[in-house]
Amino acid sequence: MLRWIPYAFVRVTAFFIAGILAGIYFGGILNFTGLFLICLAMILFYGLIFFLLKKSFFSNNHFIAIVGFFTMAMLGYLRVSYADETRNAGHIIHHIGETSYYLVTLQNPGEERAKTIKFEAEIKGVKKGDQWLQSSGKIYLYIDKSRQLKYGDQLLVKGKPGAIKPPQNPGEFDYKRFLSFKNIYHQHYLREGDFQVVGNTQNPVFAFAFWAKAWAAGVLAENVDSNRELGIVQALVMGIKDDLDDDTQKAYAASGATHVLAVSGLHVGIIYGIIFFVLSRFQTSARGRWIVAGICILILWFYALLTGLSPSVLRAVTMFTFVIIGQATGRDSNIYNTLAISAFCILMYDPLLIMSLGFQLSYLAVLGIVYVQPRIYNLYVPDQLVLDKLWAITSVALAAQLATAPLCLLYFHQFPTYFFLSNIVVIPGAMGVLCMGLGVLALSFMPALSAALGWLLKWWVYGMNESILAIRKFPFSQITNISLTGLEAVLVFGIIISFLIFFHYKKLRYAWSAVIFSLAFSISHAAGLFATTDKVTIYKINGHTAVDFMVQGDSYLYTDPDFEMTDRKVDFHVEPNHLLSGISRMHWLHHEQVGWIKVVNNVHLAWFRGSSFAMLSEPVPQLTKLKKTFKVDYVLVCKSFDKDLAWIQDNFLFKRIILDGSLSWYQAKRFRKEAEELALPYYSVYDNGAYELELN
């Protein structure tokens, strides 16, 4: 029997999280006022039972526990309802249709993109007609790099922001849903003349944090003179990934070491471990423990300021703050309760963080290290110090990977087979980079010493990079194209937890539960594989044509000649659909190759599983009519087509016209208007996202 008494706050937080998830997935069933009254009544009832039946309170513990846990779940549900900013009547989402101007304040210094700088801004007011109204809401602004703006600038913007679009292709990352958990629903691309700066207002704490981050990034750039190594240093020390090249990021991801590139619990834990080790001799008394705890907490929060108070660092520092306080009490505090308290406080502040991948991976990794790592480590205790340290690092990597594997498979669809080797390199490597990087910052007032340390740091990172690149080249270094649903990820967690409980309690029923979870996983995965059908997908990829014919695990992807297969567009737009469709092999072909047949006047035809397609992807010679009328099912109109839809009506017999995603905004608008005037059946990939045609 599991003994829950030492884990009181774990249970409270678990039910609180359950209420949050219920609010996210089933929100709207209960209105805010009714929910608040239910929670208030439950809390009052709980207190009344305690005071009236104090002597028999604990003898009725099962009933009281049910009431208490239900109250915590309702509190989580209520907190989600309150966190949804769109419930505010003044939110921009309720005024977007009539807005002609709006006033915003920039909330950060901006994030550099290829051609623009992305700012997060807070809306303060909107103009409807001749009247200004107070408003609220967050928005992303994309502004040309030539315009120098800073944190706190207040902008008067002409026009209205656009709603963030849902995924445009099957299986594509749902950016709209992702931003909704940050209460961001709109974006606006601004050109010169669309806005003007009307003032500046700043929070002094954030202003200092952003200044400190810019200063630290500048100092590191001055002392590390290699772009590739500087990108790693800034990512490891500051959490800045702007200068990381694609090859380096892919190498770290393929080797299972990408977690070191995001400043989070690992980095904060390393800094805390170093400080704790240096000050450990002062912890012989209660007063000494609290002094050391205070110093550790101050340094960690100062480090959070250096990183610009990024959300991932704030989560990690908050978590370690509770751990430090728990240790300072001198009591035999339970680490699981400490972690639960930190998670409860973070989620009480922002319950939508439960949907953050960083939050999920951080807590799962820590739980894996706390519970699983000692058990793995105790399986083998080396006699030699070096082997002992290597085994300790390996056991940490194994524990963290085991705890986070289902989520990694769900979100990233890949598994690094040599993660235990890469972590032997990157964990000590990250410790060295953090120590030397912070040393460069601390010695910045002594240029000679900081330059020497920066030179050593550069070569340290060079060695780490080359080691990771070498591991990536090992045979079978990565298992890719793993398709996992959310339900299947939950079932994998069930298998892992069942086996852990079985090995802990040596009870056969827990082994049987693992078997049941495994059987359910197998059935679910097999059902998904057999459910795949042959289909055609015409993707929405800005500026490009991409038509995918999928049959029995093979994909025949036809693209325009300008499409680059090495481009990220494939990973983002095409690969998710292949995973959903059970595609194991992709054949990339241009339409000049086998499949599309070029007929008269630059018209290409293709046949697939009983359906026919005409592609108009080139200018058509100045002829009023083709020599023959083509009978096809679908006509795909691409960006280079220079006729009107009446020409298509005269030369083709078809079921539907498809307006390709390669069209410009003007072309798509013109063709839509023509199709409606001529009463032609059409579908606009440009406006509505990918077109899918399932064929049996």
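Helices here are DSSP runs of H or I with at least four residues, and they are numbered from the N terminus. Keep that in mind for the first selection, and remember throughout that you are looking at a predicted model.

**The whole chain**

Begin with everything shown as a cartoon. The chain has 21 helices and 24 strands. Of its 696 residues, 46% are buried. If you take the contacts between residues at least 6 apart in sequence, 66% of them join residues at least 24 apart.

Next, colour the aromatic rings. How many aromatic pairs does the count come to? The count is 29 aromatic pairs. For one of them, select F499 and F503: their ring centres are 6.4 Å apart and the planes meet at 25°, under the 30 degrees that marks the limit for stacking, so this pair is stacked. Both residues belong to helix α16, which covers residues 486-505, and they are four residues apart, about one turn of the helix.

For another kind of ring pair, select W647 and F652. Their ring centres lie 6.2 Å apart with the planes at 65°, over the 60 degrees needed, so the pair is edge-to-face. Both members are buried: W647 has a relative accessible area of 6%, and F652 has one of 2%. Keep these two displayed, as they return at the next stop.

Select L616, which lies in strand β18, residues 611-616. Its relative accessible area is 0%, so L616 is buried. What is L616 in contact with, once its neighbours within four places in sequence are left aside? The partners are V603, V635, L636, V637, C638, F641, W647, I648 and F652. The edge-to-face rings of W647 and F652 are therefore among the contacts of L616.

Now step back to R609, in the loop between β17 (604-608) and β18. R609 is partly exposed, at 44% relative accessible area. Its phi is positive, about 50°, although the residue is not a glycine. Most residues other than glycine have a negative phi.

While you are in this part of the sequence, select F549, Y558, F608, F613, Y634, Y683 and Y691 together. Ring pairs link these residues into a cluster.

**Another positive phi**

For a second example, go to L309, in the loop between α9 (286-306) and α10 (311-328). Here phi is near 55°, again positive in a residue other than glycine. L309 counts as buried, at 13% relative accessibility.

**A buried glycine**

Select G137, in the loop between β4 (131-134) and β5 (138-144). With 0% relative accessibility, G137 counts as buried. Leaving out its neighbours within four places in sequence, G137 is in contact with H91, I92, A121, E122 and I123. Then display E85: the C-alpha atoms of G137 and E85 are separated by 7.2 Å, although the two residues are 52 residues apart along the chain.

**Charges over rings**

The charged end of K118 sits over the ring of Y140, 4.4 Å from the ring centre. Then compare R375 and Y371, where R375 lies over the face of Y371, at 3.8 Å from the ring centre.

Y380, one of its members, lies in the loop between α12 (357-377) and α13 (385-412). This tyrosine counts as partly exposed, at 45% relative accessibility.

Conventions:
Residues numbered from 1 in each chain as written. Predicted model: local features only at pLDDT ≥ 70, side-chain atom pairs only at ≥ 80, totals over all residues. Heavy atoms only, no water. Helix = DSSP H or I, 4+ residues; strand = E, 2+ residues; numbered from the N terminus. Buried < 20%, exposed > 50% of the residue type's maximum accessible area, 1.4 Å probe, protein only. Contact = heavy atoms within 4.5 Å. Phe/Tyr/Trp six-rings, centres within 6.5 Å; stacked < 30°, edge-to-face > 60°. Lys NZ or Arg CZ within 6 Å of the ring centre and 35° of its normal.
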